[in-house]
Amino acid sequence: MAHESETFFTAVGCMDGRVQKPIADFGQERFDAQYPDTITEAGIVGLLAENDVDQDFLKSVRFKIVDVSIGKHKSKGIVVHGHQECAGNPVSDEQQKDDIRRSVLTLQKIVGGGVPVVGVFVKRSASNTSEWMIEEVPQTETA
């Protein structure tokens, strides 16, 4: 169990280690939280974006988010992230962003409006390709 003075947000995204620090920094600032609860899977936004999401997978994600992260750690919000050069969901950047939007909708249904769900795309900096930066992915009416 978390100590009552500790604050959390939930990061749902790819397991790729290159994006973990930028996501942690973003979530800490966005939700004024100390720690990320990380739920990772290779290409997870591609899996969550499917029209026919595997129900066992979805049940596992729901338990981790709703029962543990929100229920026990009092998560202040969820960051759903995809990224450039994803080996688990090897699609174009635009498709990644669309998958992120659809994943946000899936997770909003799971949490029922209890906490905000924000979609972000992690990409290489144009000025320094060894740095990764966050681009928020706004929801659209078609997502």
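Colleague: What makes the link between the side chains of His-73 and Asp-37 a polar contact?
Modeller: Their distance is 2.8 Å. A polar contact is a pair of N or O atoms within 3.5 Å, where, within protein, one must be able to donate a hydrogen and the other to accept it, and residues adjacent in sequence count only if both atoms are side-chain atoms. A caution on the source: this is a predicted model, where local features need pLDDT of at least 70 and side-chain atom pairs count only at pLDDT 80 or more, while totals for chains, interfaces and linings use all residues. Residues are numbered from 1 along each chain as its sequence is written, and side-chain values use heavy atoms, with hydrogens and water left out.

Colleague: Where is His-73 placed, and which residues is His-73 in contact with, leaving aside neighbours within four places in sequence?
Modeller: His-73 belongs to the loop between helix 3 (55–70) and strand 3 (78–83); helices (H or I, at least four residues) and strands (E, at least two) are DSSP runs, numbered from the N terminus. With those neighbours set aside, His-73 is in contact with Ala-2, Phe-8, Asp-37 and Val-68, contact meaning heavy atoms within 4.5 Å.

Colleague: How do you know that strand 1 and strand 2 pair?
Modeller: Two strands pair if DSSP finds at least two bridges between them. Strand 1 (residues 8–13) and strand 2 (residues 35–40) are joined by 6 bridges and run parallel, with Phe-9 opposite Pro-36. Strand 3 and strand 4 (residues 117–124) also have 6 bridges in the parallel sense; there, Gly-82 has Phe-121 as its bridge partner.

Colleague: Why are strand 2 and strand 5 at the edges?
Modeller: The open sheet has 5 strands in the order 2-1-3-4-5, with mixed pairing. Strand 2 and strand 5 (132–136) each have a single partner strand, so one side of each lacks a neighbour in the sheet.

Colleague: Why are helix 3 and helix 4 called oblique to each other?
Modeller: Their axes come within 10 Å and cross at roughly 55°, helix 4 being residues 93–111. Axes are lines fitted to C-alpha atoms, for helices over the stretch in contact, and angles run from 0 to 180 degrees between N-to-C directions. Angles under 35 degrees count as roughly parallel, over 145 as roughly antiparallel, 65 to 115 as roughly perpendicular and the rest as oblique. Helix 3 and helix 4 are therefore oblique.
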